[in-house]
Each structure stands twice: as C-alpha cells, then as structure tokens.
Amino acid sequence: MSRATEVLQRARGAVAGLTRLRTAAAAAVDRVPGLARVRTAAGAALRQVRSRTRPPDVLPRGWAVVARKELADHLHSARLFVVAGLLGLSGVAAVYAVGGAIREVAPLASEAPSLFLRLFIIPVENTPFAFVNLVALIGPLLGIAFGFDAISSERNQRTLPRLLAQPIHRDDIINGKFVAGIAVIGMLLTALMAVVAAVGILRLGIVPSAEDIGRMLVYLVVTVAYIGVWLAFALLLSIVLRRAATAALSAIGAWLVFSLLAGLLVRMVAGVFTTEGTLENLELRQALSWLSPAIIHEQITAALLRPELRTLGVILPEQAFRQIPGELPIGQSMLLVWPQMTALIALTVVMFAAAYVAFLRQEVRV
Amino acid sequence: MTDPVISIQGLTKRYGDVVAVQQLDLEVRRGEVFGLLGPNGAGKTTMILTLLGLTEVTSGTVRVLGLDPTRDAIEVKRQVGYVPDAVGFYPNLTGRENLRYTARLGGLRDAEDRISEVLDQVGLTGAADARAGTYSRGMLQRLGIADALLRRPPVMILDEPTVAIDPEGVARILALIRSLRDEHGMTILLSSHLLHQVQEVCDRVGIFVGGRLIAVGSVEELARRLAGGRTVIEVGVAGDASAAAADLGKVPGVDKVEQEGPLLVAVCRQDVRPQVAAALTGAGHQLRHLRQRESHLDEIYHRYFHEQSN
C-alpha cells in the first residue's frame, strides 16, 4: 500500500516537473522576439506561396465540394454503424459457418476447383442464405440508407434554397450526393470483402488464386453498381416525396418486392400466360426476370463465383448429357453475363437520370 | 449613381393556372435599400427566385447587374448574396463549419479569416463554434446574413429578414442592414410583410399585392400621394372640444376637422401647426396636444390594399 502511494507521488512529481518545463519553454520562445517574428513571417510566406500556386478565380468543381461534405456526414452518421454492423456481422458469420462446413469435407474435396469461392456461395447449414445472398439482400438497404433523405432533409432543414443560391450548377448537388453515396457504399463493401476473405483464409487455410481474387473484385464492382440502382432510386424518392419517412417506407417496400418476392412474382405471371413445366414457361420466366435488378445481380453473381457455370439459359437434359465438367476462365465467365452487367449499369444510369431530371425540374418551393 | 442594379420589365410568372407575379416592372438603384412589401402569398418570394435564376420566368425580362439570371446563373449567384425566407443551416455543424461549406462552394481561398470577419460583423463570434441546431431564430438569420456576405457581393437580397424574431433581434438586423448600405455601399432588396418593422431602413418601398406592384416610392412620397398632398394634424384641448373644433376650422389652410375620441383631427393644405397653436390659445383654449400625424406604413399599406380590393 505504502509502495503504491510512493509510486503515485513520484509520478505526480514527474508530471508537475514536465508542466513546469513546458511553461518555461513557452516563456523562452516568447522571450526571444526574433522567434515569434520568424514564425509569423513563415506563416505569411506559406500563405503567399499557397495562393500563388493555386490558379486565381477558378470555380471549384461544385459536385466535389458537395460530395466531400456528404461523405463526411455519412462517415459520422449513426446509420453507417447500423448498416455496417448488420452487413459485417451477417457476412462474417456466414463465411465462418460455411468455412467450418467445408473444412470437414476438405480432405475429400482437396482437388475440387475454386474451393475458396465456395465460401461465398454455399448456404449456411439449415438456412437458404449463402454470403452472396446476404449481401444481395442487405446491400439495397445500404443504398436506401444513404439516399432516402438526401434532398428532403435539405428541404426540411431549409438549407436547399441557400445551397441553390451558391455559385454552383444545380446538378452539382445531386451529382455530389450520388458520388458520396457510391463512395461510402464502395468503402463498406471493400472492407467487408477484405475481412471476409481474411476470415476465409484463416478458416480454410488456403489462399485464393489470382483468378479467384479477380472474380471477387469484379463481383465487388458489380455489387456496388447494383446497390447504386437502389441509391439512385432512394434519391429519386427523396426528391419526389417531401417526407423522409414516406420515402424510406416506399423504398423498403420496393426492396421487399424486388429482393424477396421477385422470383415468386415472375413465376406467377409466367404461370398465368403459359403452362408450367413447358419450355415456353421457362423462357417467359427468363424474359421477365430481366425486369428485376435483383435477379440480374443474382445471375451475374452465379456466373462470377461459380466458374463451372457455362450457361444461364435453359438446358435440356439431352444437351447436358455426357458433358465434361470443367471451369471457365474469368474472361469467359464475364462474357457469359456481359448482357446482364451492361443491363445493371444501364439500370443504374437510368435510375440516376430519373432522379437528376426530377431534381432539375422541381421548383425550389414545393 | 442611379444606374439600376436590378431591373425587371413585364415580369409574369405562372405556376400552372396560378399567376404568382403579373406584369411587374421594377428598378432598384445602386446603393439603396429597397423594401418589397406585401402580405404573405403576394408573390414576393417568387419574384426574388426569378432574380437568382432559381425559377424560370413565364414572360418578361429580368436583369441583375446587367446579367440575365437564367442564362448567367452562376455569375449572378456569385454577385448576389441571398438570405432566403426562414434560412436554415445544418444543425449538426457549428456556425463556423456551415460558413466553411459555403466558402468552399463559392471557391473562396484562405476563407478562415473572412469567416471570422463576417461572424464578427453580424455579432456571432461568441457562438461561432456552437452547433447551428442550438441557435435562436434571430441568430440563424444573422448567420444567414454572414453566409451571404462571405463572397463580398455588391447586391444582397433578404427575404423576410425579421419574421419570428424578438424585437431586440429585429433591431440588430435592421442596424446591420443599415451598416451594409452606409459602410459597404451595398444595394439591398428586402421583402417583408411586417411593414412597420422595416420602414425605417428602406429608402424606397414597393407595395406588392396579388402579384402586382401597386405603388413605388419613398415612405413619405407614398403617404403624401395617399393623403392627396395634404397634412393631417392632431389637436388635443382641455375642456370644450366642439368649440375648439369650430375655432380650428376657421384657421386658414385647414380644410376639414373631425373628432376622433378625445382628439380633433384637422386635414390641412400644408403644415399649419404654428397658426393652429396661435389661433387656439388666442381663443382661450388650453392646448394639450399638437402633432403632425406621421405616415405610418401600415396605414399606407392598408389603404392601398383596400383601394386595390374595392
């Protein structure tokens, strides 16, 4: 006890000594008149150099200023922690569980190709969800979270007229907001993929091949584009609907319909026009599924992360008869879903264009 | 000195079937404070939005500093400081941070000194690092003015600058507006429906009702025009008011005498207060009150408004 007190006292003495030293140093700096002058002069010189190196009177790119501010807002927001937590927990848990399952059968499947990618596509035991399904399901929520009140909050805080009166183009505001949303979504997904890959490497003890990494990167880009559709959709709602709550509810409703019920709806509509089990029925189903970004994304995911997948079309048993199993190289897998990838990016562009036009045509006072 | 900073000719703006502004002609001269006065929904804000190119005109021409706001929107917005009706700021950012964002959007270099300067100018230095969410309405309004001042614009447009602010806050804002004109030579257009609050700072006013500008001029001019070039004098006497009224009517220059409660109101051709005083005391009345009735803008506005609606 007495020893502890002694140590404490010594520590206090040391702190007091340091404080004295600092005060003395500051006083010394003040006492030397030249030093303060040098500091002021250096500051002035620095400022002059800075103003000279920057071209005079160049208007900043307004969207970049808006995006920077929005990104800072997103990174400080509570909603970032909510969606990151949701996505991170479910993703890591899924890969951890699947990793364990694969490990048990690993000796039997040591020659199996692209074992690493299996981590992401095998469903967790007793659930229908693999990692990719969870991302496809939760991803749109990210887009909605960072878009649903983008413009309506500016209206409700009465900052929009002031913002519009700044010397920037009107579209800088919506462009900046979209860029900031995409940036934060990209950061989150990249971090998630990195963490999940690390967990997978630790669980499985195998390192992904260069081709596996390439496939994962393309998957990452495509998924950001997919979430971009939802971000643009949420932005559109935030422009059209004045109340953020209404916009959030509408967006979540659309998310439910497209993410969970799309397959069911397609099956139902196809069933109305054709007889189930026929070739026409399957083809109609395939055509209808082009209407859902969720299904398009699912197809791209399948082709990218299952190298053995050779077609997304209808295959008759006689066509698959005596087919030799094998893997496609990454280029061929991408070629397989090239139309889907184009469609997804086009959908993002179209959705953003709709938001853009709505914003530009809207009166300041609504 | 009299070149127009803002000039509007034949401006009409329709929202669907609703006509917000109708055939408006207006000029605001350099270095003056012009008050756009009218009830809510008269089209004041719509007119202001057309000046900034934030809404398209249906017909007519608008020029701000010789520029067309719909075509040279960015240049106009650079030269005009705008404080919108019930201006808002991001509640999670401090006053200083809010201004920093505006400075970046406006492309200001080395903005920190300028930000401190404008904060000082509007008297918000003490609250600069508190979150804007904690500001009172009056402080937000002053922050709005600071925000508009950042780029040192030669023209300032304030939409309803005194609404929902306590009297002390109103006085501060009016003093600020006056100093902007006198010390910085700014041209200021302000809109308000609270006429008595702003009449003292306005060099000229325009009465704006139902999308039309029905009268333009200085407060005194409008008052004179309303009274038909006459002066109104209030007289109060102790004792027999009706006898005093009869004597008052005999004073040369007095056209009409009416009794308003304890006061006698005389409508005169010019200011005949000395003659009235002499005549009444000469006739043995005890003069208690003698005052030339001032042209109160509220009165002017009500009169114009009634004339218009009748």
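Visitor: Which residue stands opposite B:Thr231 in S12(B)?
Guide: B:Cys268 does. Strands here are DSSP runs of E, at least two residues, and helices are runs of H or I, at least four, numbered from the N terminus.

Visitor: Where do these labels come from?
Guide: This is a predicted model, where local features need pLDDT of at least 70, side-chain atom pairs count only at pLDDT 80 or more, and totals for chains, interfaces and linings use all residues. Residues are numbered from 1 along each chain as its sequence is written, while chains are lettered from A and ligands numbered from 1 in the order in which they are written.

Visitor: How many bridges join S10 to S12 in chain B?
Guide: Five, and the two strands run antiparallel. Two strands pair if DSSP finds at least two bridges between them.

Visitor: What's the strand order in that open sheet?
Guide: S11-S12-S10-S13 of chain B, with antiparallel pairing. S11 (254–260) and S13 (286–292) are the edge strands.

Visitor: New topic. How many residues are in the largest nonpolar core?
Guide: It has 82, with A:Ala234 among those with the most contacts inside it. Such a core is a set of buried Ala, Val, Leu, Ile, Met, Phe, Trp, Tyr and Cys residues joined through C-beta atoms within 7 Å. Buried means 20 or more other C-beta atoms within 10 Å of a residue's own, placed from the backbone.

Visitor: Which helix gives the largest share of this core?
Guide: Helix H10 (residues 210–240) of chain A, with 16 residues.

Visitor: And the second core?
Guide: That separate core has 76 residues, including B:Val62 and B:Phe208.

Notes:
A residue is buried if 20 or more other C-beta atoms lie within 10 Å of its own, exposed if 12 or fewer, and partly exposed in between; C-beta atoms are placed from the backbone.
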